[in-house]
Amino acid sequence: MALDQSFVGRTYPPTAPYEVGREKIREFAAAVGDANPAYTDTEAAEALGHPDVIAPPTFVFAVTFKASERVIEDPQLGLDYSRVVHGDQKFAYSRPVRAGDRLTVTSTIESIKSLAGNDILDIRGEVFDEAGEHVVTAWTKLVARAAEEV
């Protein structure tokens with residue numbers, strides 16, 4: 001059953017703040033194999049004009065995907081998450097994520113499309129810091145595969 005098009009444009013309340021930890025950034029950089037010293041060394045980050053270590057660009061996915069759970073778990077939307085695969089991800093930054101940031105995310109359903117029985121859901125996550133300044137916009141594309149014929 002196709003997802004309800006009337007959900008396009010629906011915005012969910014902001015998340016509780018997520019505090020970005022220096023060690024989380026370092027662990028993430030190591031996990032993705034990125035040796036950029038700005039991700040692990042405070043002095044290297046400061047030399048580039050940052051107040052602390054900065055996060056690799058894809059770090060924020062963990063924060064925005066957690067926020068998209070509000071969309072995914074909305075019982076009125078009716079998304080069968082057991083059939084979902086991650087289709088795409090992109091980011092548009094105003095500034096890098098930094099250690100010490102307290103980030104909130106507001107998720108909006110940007111589009112719902114049906115293609116060959118699959119539902120394609122685009123979710124936009126707007127990420128702001130504690131001062132209300134925009135940090136990054138993240139777009140997540142989820143594909144709910146069509147139910148198999150029995």
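Predicted model: local features only at pLDDT ≥ 70, side-chain atom pairs only at ≥ 80, totals over all residues.
1. Start with the overall layout: five strands make an open sheet in the order β1-β3-β4-β5-β2, and the pairing is antiparallel. The edge positions go to β1 (18-19) and β2 (84-93); each has a single partner strand, so one side of each is left without a neighbour in the sheet.

2. **The helix on the sheet.** α3 packs on this sheet and touches β1, β2, β3 (102-115), β4 and β5. If you want an angle for it, the direction of α3 makes about 60° with that of β3.

3. β1 is joined to β3 by 2 bridges, with the two strands running antiparallel.

4. A handy pair to click on is His-86 and its bridge partner in β5, Leu-142.

5. **The β3-β4 hairpin.** β3 and β4 pair in the antiparallel sense over 11 bridges. Thr-104 has Phe-128 as its bridge partner in β4. The two strands form a hairpin, with 2 residues between them.

6. **Ala-116.** Most residues other than glycine have a negative phi. Ala-116 is not a glycine, yet its phi is positive, at about 55°. The residue lies in the loop between β3 and β4, in the turn of the hairpin. Is Ala-116 buried or exposed? Its relative accessibility is 72%, and the cut-off for exposed is over 50%, so Ala-116 counts as exposed.

7. **Arg-83.** Arg-83 belongs to the loop between α3 and β2. Its relative accessibility is 18%, and anything under 20% is called buried, so Arg-83 falls in the buried class. Which residues does Arg-83 touch, leaving out those up to four places away in sequence? The contacts are Val-143, Ala-144, Arg-145, Ala-146, Ala-147 and Glu-148.

8. **Gly-21.** Gly-21 sits in the loop between β1 and α1 (22-32). With a relative accessible area of 23%, Gly-21 is partly exposed. For a distance check, take Gly-21 and Phe-65: the C-alpha atoms are 18 Å apart in space, and the residues are 44 apart in sequence.

9. **The cavity.** Rolling a probe the size of a water molecule over the atoms shows where empty space is left. How many cavities of 30 Å³ or more does a search of the whole structure find? The search turns up 1, and the largest cavity holds about 30 Å³ of space.

10. **What lines the cavity.** The lining of the largest cavity consists of Thr-64, Ser-68, Ser-107, Ile-123, Arg-124, Gly-125, Ala-138 and Thr-140. By class, that lining is 2 nonpolar, 5 polar and 1 charged. At least two lining residues come from each of α3 (61-72), β4 (118-128) and β5 (134-144). Which element gives the most to the lining? That is β4, with 3 residues. Recall that α3 also touches both β4 and β5 where it packs on the sheet.

Definitions and conventions. Residues numbered from 1 in each chain as written. Heavy atoms only, no water. 1 Å grid on protein atoms, 1.4 Å probe; cavity = no way out; pocket = protein on both sides within 12 Å on 5 of 7 lines; lining within 4 Å. Points joined across faces, edges and corners; volume = space filled by probe spheres on them. Helix = DSSP H or I, 4+ residues; strand = E, 2+ residues; numbered from the N terminus. Nonpolar A, V, L, I, M, F, W, Y, C, P; charged D, E, K, R; others polar. Pairing = 2+ DSSP bridges. Contact = heavy atoms within 4.5 Å. Axes fitted to C-alpha atoms, helices over the stretch in contact; angles between N-to-C directions. Buried < 20%, exposed > 50% of the residue type's maximum accessible area, 1.4 Å probe, protein only.
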